[in-house]
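Colleague: I have this one open on my screen now. Could you walk me through what sits around the ligands and how the helices pack?

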Amino acid sequence: MDEFDVVVVGAGPTGENLAERAHAGGLSVAVVEAELVGGECSYWACMPSKALLRPAAALADARRVAGSREAVTGPLDAAEVLKRRDGFTSNWKDDGQVKWLEGAGLVLVRGRGRLDGPKRVAVETPDGGQRVLTARHAVAVCTGTRAALPDLPGLAEVRPWTSREATASKQVPPRLAVVGGGVVACEMATAWRALGSEVVLLVRGSRLLPRMEPFAGELVAGGLRESGVDVRFGVSVTEARRDGEVTLTLDGGGTVTADEVLFATGRVPATEDLGVETVGLEPGRPIEVDSTGRATGVADGWLYAAGDVNGRALLTHQGKYQGRIFGTAIADRAAGRELDTADWGRSVATADERGVPQVVFTDPEAASVGLTLAEAERAGHRVRAVDYAIGDVAGAALYADGYQGQARAVVDLDRETLLGVTFVGPGVAELLHSATIAVTAEVPLSRLWHAVPSYPTLSEVWLRLLETYRG
Ligand SMILES: Cc1cc2nc3c(=O)[nH]c(=O)nc-3n(C[C@H](O)[C@H](O)[C@H](O)COP(=O)(O)OP(=O)(O)OC[C@H]3O[C@@H](n4cnc5c(N)ncnc54)[C@H](O)[C@@H]3O)c2cc1C
Ligand SMILES: NC(=O)c1ccc[n+]([C@@H]2O[C@H](COP(=O)([O-])OP(=O)(O)OC[C@H]3O[C@@H](n4cnc5c(N)ncnc54)[C@H](O)[C@@H]3O)[C@@H](O)[C@H]2O)c1
């Protein structure tokens, strides 16, 4: 039997960070990985999707400016884009990440891990054997999510794309149908349209990006339509079949045919085949945790869950943040050091609740942090939304001819601080961190007046938002 201070299950970005922090705190750590060290993010999510999207954004930016527009004489070179994408995934090999992991002093155990009662993880190794790891202090589940597929007649025979095929495909399908209206659907419709596919986006609801401010979905829908995507709202797929091509039957009658169909219909936590029932938890559910990462449904505080699998915020950077904080908390508890669990303290992931940033890499980009107006109102804050058209800023006019974009700041009227900020427009991704600092540091608006944006940059939108608020 192998004994470690900590056993981490899942070597995605979250597991890597948690393991590294626990080890830096003086603990021995084993990391169990069933597929590739680096996780979904490195091979089938963030990195390959952004590698597909970046050339499209570079080309679109050149087209937005008279003078450089004339220099753009053709479409994207799809083969080169796919080749560059392959480079970012290291051709789906994890040697580099394994080198980092081992260099950080962590022990990699390849295989599928399952909880096997308190503080025990049974690993099914690639050679068909079994290895049981025990943890002196903690087991941390960092197993992420997998794509959710609806229960539709004919779906299995169609061999639909999930986010994995959509980020890893070696061919550009002539016609691609995308089902869903969330981030994956919007980003992948953008990417494959730019690579030359005819794309139809089938959205069950009435808007895109429903977790963001409504104007974000409206502007992104406009951008997709302008690029030639056929965006349809209020449509559900009731049946799918493949006969060479894919045929989708829609609820209101009618069909859509395509060469491939991507179902971007959300995620399910990877707890179905994880042995969670051996410690009293329900398979298939996210593992609920307190703000120091401990599973609330398990006695004695030895089980932690971090990243996508706990359902707090399904984003790589938030998983890494939790990994840093929870890994340190594990080490502190093991050493008998006191934790700092006050709001924004060293041992708690307060930003998960108050300041989650996200960038959607569509054209236009949509970037937000903290609460939307509707969320702030629901939470009982006394708020005011301050809106400004980004195109009216000098820096935006220079950035793109006829710049189209929108900004909103949600002001807490009682404290005169910001609860949330949203920017939509070309090039706003890199603006977001200024808002993340303002929201998480709870910078008073009276002090933001003294944070002078450089002229002429997109950042001048900050000044215009403050002026609009003051009237
Ligand atoms: C298409 C797409 C694009 C995305 N783009 C972005 C983006 O741009 N920015 C962003 O912040 N987020 C993005 N996300 C979300 C991001 O991918 C996730 O939030 C992130 O991967 C979560 O990290 P994680 O470590 O918690 O889980 P994962 O990355 O899913 O890693 C979990 C690891 O655990 C392993 N594992 C699972 N079960 C077991 C087991 N029983 N035993 C051993 N190992 C196991 C898996 O093999 C995997 O390696 C995107 C998601 C998708 C689908
Ligand atoms: N750039 C980024 O930060 C980035 C990129 C991609 C994904 N992610 C993260 O990954 C997670 C997963 O993204 P996602 O887009 O898969 O999920 P999501 O939950 O954001 O969106 C899923 C969408 O599918 C729709 N849907 C669900 N079931 C359906 C059905 N049967 N038929 C039609 N539509 C259906 C939902 O209404 C929703 O709009 C998100 O939390 C997201 O934040 C982040």
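Colleague: Which domains does the shell around ligand 1 draw at least three residues from?

Modeller: The model is predicted, with pLDDT of at least 70 needed for local features and 80 or more for side-chain atom pairs, while totals for chains, interfaces and linings use all residues. Residues are numbered from 1 along each chain as its sequence is written, and chains are lettered from A and ligands numbered from 1 in written order. The shell around ligand 1 draws at least three residues from each of domain 1 (2-38 + 94-146 + 268-353) and domain 2 (147-265), with bounds from an automatic or database domain assignment.

Colleague: How many residues surround ligand 1, and which are the closest?

Modeller: There are 36, the closest being Gly10, Gly12, Gly39, Gly144 and Gly307, where a residue counts if its C-beta atom, placed from the backbone, lies within 6 Å of the molecule.

Colleague: And which element gives the largest share of the shell around ligand 2?

Modeller: Helix 8 does, with four residues, and the 23 residues surrounding ligand 2 include Pro150, Gly180 and Gly182 among the closest. Helices here are DSSP runs (H or I, at least four residues).

Colleague: Changing topic, at what angle do helix 3 and helix 4 pack?

Modeller: At about 150 degrees, with axes 9 Å apart, the axes being lines fitted to C-alpha atoms over the stretch in contact and the angles running from 0 to 180 degrees between N-to-C directions. That makes helix 3 roughly antiparallel to helix 4, a label for angles over 145 degrees.

Notes
Helix = DSSP H or I, 4+ residues; strand = E, 2+ residues; numbered from the N terminus. Parallel < 35°, antiparallel > 145°, perpendicular 65-115°, else oblique.
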